[in-house]
Amino acid sequence: MLGITVDGLVQEAKTDERLIDVINRSGSKVPQVCYHPQLGPIQTCDTCMVEVDGRLVRACATTVSAGMSISTNSTAATDAQREAFDRILSNHLLYCTVCDNSNGNCTVHNTTKLLGVEHQNIPFRTKPYEVDNTNPFYRYDPDQCILCGRCVEACQNLEVNETLSINWEDPHPRVLWDGGSTIGESSCVSCGHCVTVCPCNALMEKSMLGHAGFFTGLPKGALDGMIEVVKGIEPETGYGSIMRVSEAEEAMRESRIRRTKTVCTYCGVGCSFDVWTKDRHILKVEPHDGPANGISTCIKGKFAWDHINSADRLTKPLIREGDGFREATWEEALSLVARRLSEIKAESGPDSIGLISSSKCTNEESYLLQKLARAVVGTNNIDNCSRYCQAPATTGLFRTVGYGGDSGSISDIAQADLVVIVGSNTAESHPVLATRVKRAHKLHGQKLIVSDLRENEMARRADVFLHTQPGTDLVWVSAVSRYLIDNGMAKTDFINRWVNGFEEYSKSLEPFTLEFASKRCGLPVDTLKKVAHMIAEAERVCILWAMGVTQHSQGSDTSTAISNLLLITGNYMRPGTGAYPLRGHNNVQGASDNGSMPNNLPGYQSVDDPEIRKRFEEHWKVTLPSTKGLDNHEMVDAIQQGKLKAVYLGGEEMSIVDSNANYVSEAFSKLEFFVVQEIFFGVTCQYADVVLPAAPSLEKEGTFTSTERRIQRLYEVFEPLEGCRPDWRIIQDVANHLGADWHYQHPSEIMAEIASLTPMFAGVTYDRLEGYKSLQWPVAAEGSDQPLLYTKEFFFPDGKARLFPLQWQEAPEQPDADFDLHLNNGRLLEHFHEGNLTYRTVGIREKTPDTFVEVSPELAAERGIQTGSWVQLASRYGRVRVRALVTDRVHDKELYMPMNSVVSPINRLTSSHTDAVTHTPAYKETSVKMTVLPEMGENPLPRTNSRWGQPTPQHGVEVERKWQRTDYRIPGPQLVQIQPRLAR
Ligand code: SF4
Ligand code: SF4
Ligand code: SF4
Ligand code: FES
């Protein structure tokens with residue numbers, strides 16, 4: 001810490017702190033139009049000029065030094081600030097009273113007020129460009145654009161999509177998309193970063209326009225007339241009185257615009273943000289202080305919310321009648337559910353019933369569903385969809401380090417010197433997390449290795465891209481481990497102190513020579529050596545992996561091999577290191593954490609431990625089943641075998657998302673009784689006997705747990721649509737109709753019960769999670785959490801990690817003469833999974849209307865396929881019809897099909913092969929034959945899809961180009977010391 005003086009008062013500051021941050025803390029008010037703490041100094045606006053020891057400097061670009069004396073309000077400083085802001089106003093038409101951005105947080109409005117501006121010295125000049133309305137979610141108005149460059153900085157260096165720039169050399173600079181395209185045909189991925197950081201109304205969410213203000217919804221002619229009136233009286237009245245009118249209107253807005261914090265409903269990154277609403281209209285999503293995301297979002301979190309008010313929401317319980325359904329009252333539906341489950345339990349026992357929780361539901365809801373299964377129905381047949389994706393990663397970590405969760409935080413990934421991504425299309429599946437890697441790689445020299453079948457965005461950015469053969473990651477990871485040990489590059493000190501089982505493990509690596517790995521993985525030996533040396537030489541390594549690893553017949557073993565590699569290189573127990581299996585759904589981590597598993601009560605407490613069971617039995621006042629139940633893969637088999645008679649599905653499109661979908665659907669049609677809790681009538685509902693209308697995340701309270709074990713609260717944005725109920729209420733209603741006596745009034749009471757029974761969550765309370773506060777489990781009773789999981793020891797009785805020996809086996813499903821192509825699959829940025837939610841957002845449907853199959857140029861040439869050609873893919877299990885997209889993202893005989901289709905779901909083709917340990921389907925091991933159909937269709941990705949754009953990477957805003965203009969001079973009367981740019 002060091003001392004500086006701001007306007008005569010001594011302030012403490014950290015070494016290297018930005019002067020603007022200290023000034024802001026001090027209470028002095030300085031304009032700062034282009035400064036955004038999460039973007040760093042951009043230096044385009046010059047409004048933050050202050051006097052430091054007699055010289056003018058930009059406060060945002062100056063770092064403090066001991067003894068500095070700063071005046072924010074000297075004549076020289078305020079003259080400079082005013083001059084700079086005057087230039088800004090010449091680029092912006094002030095019409096706040098009729099502006100949708102005038103909501104108390106408009107930087108231009110607030111700076112006008114702060115500086116007491118009455119009249120502009122430089123008049124407003126229009127720019128010779130049209131408003132760009134070509135993106136479905138936001139629009140750009142060049143006439144309102146003050147050229148602050150925040151949007152460019154956000155796009156270039158935070159989102160790192162590198163779409164935006166400013167043509168500083170042009171007589172009329174403006175923001176450009178791909179150097180001059182329309183937004184709609186650019187590489188813009190609609191993440192919304194630029195819109196979020198824009199300090200005025202130049203970039204705005206279309207959902208705000210005409211809706212936020214009392215007068216802003218007027219027809220354009222009337223609106224223009226009002227703007228004319230305002231501008232007409234300004235020379236006489238000055239801005240002061242106009243601002244006062246505007247502020248009165250702004251205050252009226254406060255009474256009807258609600259801002260409610262929520263957590264994203266889509267992927268496991270755990271982005272949180274405020275949702276601005278007016279009645280049931282979503283004005284916008286505004287991220288600001290998300291502990292995982294800061295101001296970041298992807299297209300889904302920012303814009304994909306049309307499902308909430310979709311006209312086809314389920315709002316009444318449905319009861320099967322013959323081949324159709326009829327609407328029913330809640331009482332009728334709940335009574336029927338209770339009666340049929342009771343009858344089946346009486347006839348065939350509790351284990352003839354299975355329950356499946358949803359990883360879209362809250363922690364409290366998953367807890368209640370497993371309580372319903374165990375304490376009311378009396379079965380351990382309870383599972384969740386982590387079985388389909390994450391269970392193998394959890395097993396790999398259980399085996400080696402003890403906890404089944406990411407070993408650090410997203411901030412650790414950003415800090416790492418080397419990130420290795422294995423089998424994860426991170427930029428599309430975990431977009432905001434990927435931005436942290438892209439930024440560290442672009443700005444901070446982080447190295448990146450990517451192993452994948454497909455050249456996805458991260459692979460294209462990587463320093464080393466390992467284009468592996470399908471299902472062979474275990475081989476190269478183990479070969480690199482062996483090479484490191486053989487060549488004395490393992491971290492012996494760390495192993496000796498912290499790791500058991502080294503001898504046996506080393507021996508198990510014998511078959512994994514570089515030569516074998518090279519042959520089987522299709523990778524040059526030199527490349528493998530290079531990878532080994534990069535890992536050995538990096539101070540801090542994080543390995544990220546996802547379904548490209550876990551959805552294989554050796555998913556658990558490959559996950560284990562990754563953790564083994566981290567252990568022998570000492571890449572645990574320090575910031576910037578560790579294992580990061582990237583959780584797919586928003587609450588897939590929490591669904592397992594809270595006991596929706598056949599073998600574990602909440603907190604991974606085993607059902608066969610009598611002591612643990614006793615604790616739950618005493619609290620729940622029941623006797624609990626003691627043997628492991630069926631997982632959801634086994635449940636499907638048990639239905640087919642006639643052993644499982646009834647299923648209660650708490651919200652999951654299983655008929656599409658489970659592997660070998662035809663087999664799963666056939667099983668559902670055999671059930672004696674099937675209850676589905678859903679928000680839309682999806683494909684799975686067709687097999688149900690009762691459908692219960694639930695509420696989506698914006699209509700309830702609770703908590704989600706993200707990939708970094710971060711527990712966060714979501715608040716009710718809207719009341720549940722009439723007729724719907726939050727899932728926790730439905731589960732309680734079902735339990736009580738089955739004779740339980742539950743009286744939860746609010747999810748906080750459920751969390752209190754979870755905490756009381758689960759050591760891992762002992763200190764979790766709603767108070768500690770209030771607003772944007774969060775906790776990363778395990779949470780001790782006194783409330784301390786663990787962002788970095790292993791600091792003092794590993795989670796085993798002796799505190800030491802365990803190396804786990806492995807063998808490699810060929811996958812059971814291989815291409816042959818009939819099924820000659822390998823079919824890979826995965827998520828697409830714009831849609832979540834099969835798209836049940838995201839297809840309901842019109843803009844997403846326009847940009848990404850359908851699935852497709854990616855075909856390599858080589859294969860396309862060989863088979864006479866063009867983009868748009870219809871093909872039939874047939875596997876040993878089913879067939880689908882789909883359009884081809886010819887792309888060099890895939891090679892040779894490898895195909896790739898995104899999951900986003902209800903009509904042609906990929907899982908009609910996938911098999912029932914599973915990972916031997918967890919029963920996770922081997923979705924990624926599918927062989928198909930492809931028949932080219934005679935029809936020719938349109939390109940499945942319209943021209944407005946971002947994948948056709950041409951980004952323009954550059955080093956941020958490049959303000960130096962502005963400073964080089966002949967008409968630029970630094971504002972203010974004195975000689976100015978221009979500070980060098982800060983390190984970001
Ligand atoms: S990708 Fe598009 S929405 Fe995201 S910051 Fe860049 S221009 Fe804005
Ligand atoms: S569009 Fe970009 S450059 Fe223009 S005012 Fe908004 S953030 Fe600044
Ligand atoms: S989908 Fe994932 S990355 Fe996108 S906003 Fe939601 S949580 Fe963040
Ligand atoms: S805030 Fe814009 S230059 Fe400092």
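Biologist: Which residue does the side chain of arginine 399 meet in a salt bridge?
Modeller: In this predicted model, the partner of arginine 399 is aspartate 557, and the two side chains meet in a salt bridge at 2.8 Å, N to O.

Biologist: Where in the chain do the two residues of that pair lie?
Modeller: The pair links distant parts of the chain, with arginine 399 in helix α10 (residues 391-400) and aspartate 557 in helix α21 (residues 555-568), 158 residues apart.

Biologist: Does that make arginine 399 buried or exposed, or what would you call it?
Modeller: Arginine 399 counts as buried because its relative accessibility is 16%, and the cut-off for buried is under 20%. Aspartate 557 also has 16% relative accessibility, and therefore counts as buried.

Biologist: Now lysine 700, what does it form a salt bridge with?
Modeller: Lysine 700 forms a salt bridge with aspartate 727, and the closest N and O atoms of this pair are 2.6 Å apart.

Biologist: Which residues do salt bridges with shared partners join into one network?
Modeller: That network is made up of Glu162, Lys438, Lys442, Glu457 and Arg461, which are joined by salt bridges that share partners.

Biologist: Which helix do glutamate 343 and arginine 339 lie in?
Modeller: Both residues belong to helix α8 (residues 330-348), where glutamate 343 and arginine 339 are 4 residues apart, about one turn of the helix. Glutamate 343 counts as partly exposed because its relative accessibility is 29%, and arginine 339, with 45% relative accessibility, likewise counts as partly exposed.

Biologist: Changing topic, which residues are around ligand 1?
Modeller: The residues around ligand 1 include Tyr138, Asn161, Leu164, Trp177, Val189, Ser190, Gly192 and His193, and also Cys155, Cys188, Cys191 and Cys194.

Biologist: What does the shell around ligand 1 have by class?
Modeller: By class, the shell around ligand 1 has 8 nonpolar and 4 polar residues, and no charged residues.

Notes
Residues numbered from 1 in each chain as written. Chains lettered and ligands numbered in written order. Predicted model: local features only at pLDDT ≥ 70, side-chain atom pairs only at ≥ 80, totals over all residues. Heavy atoms only, no water. Buried < 20%, exposed > 50% of the residue type's maximum accessible area, 1.4 Å probe, protein only. Salt bridge = Lys/Arg side-chain N within 4 Å of Asp/Glu carboxyl O. Near = heavy atom within 4 Å. Nonpolar A, V, L, I, M, F, W, Y, C, P; charged D, E, K, R; others polar.
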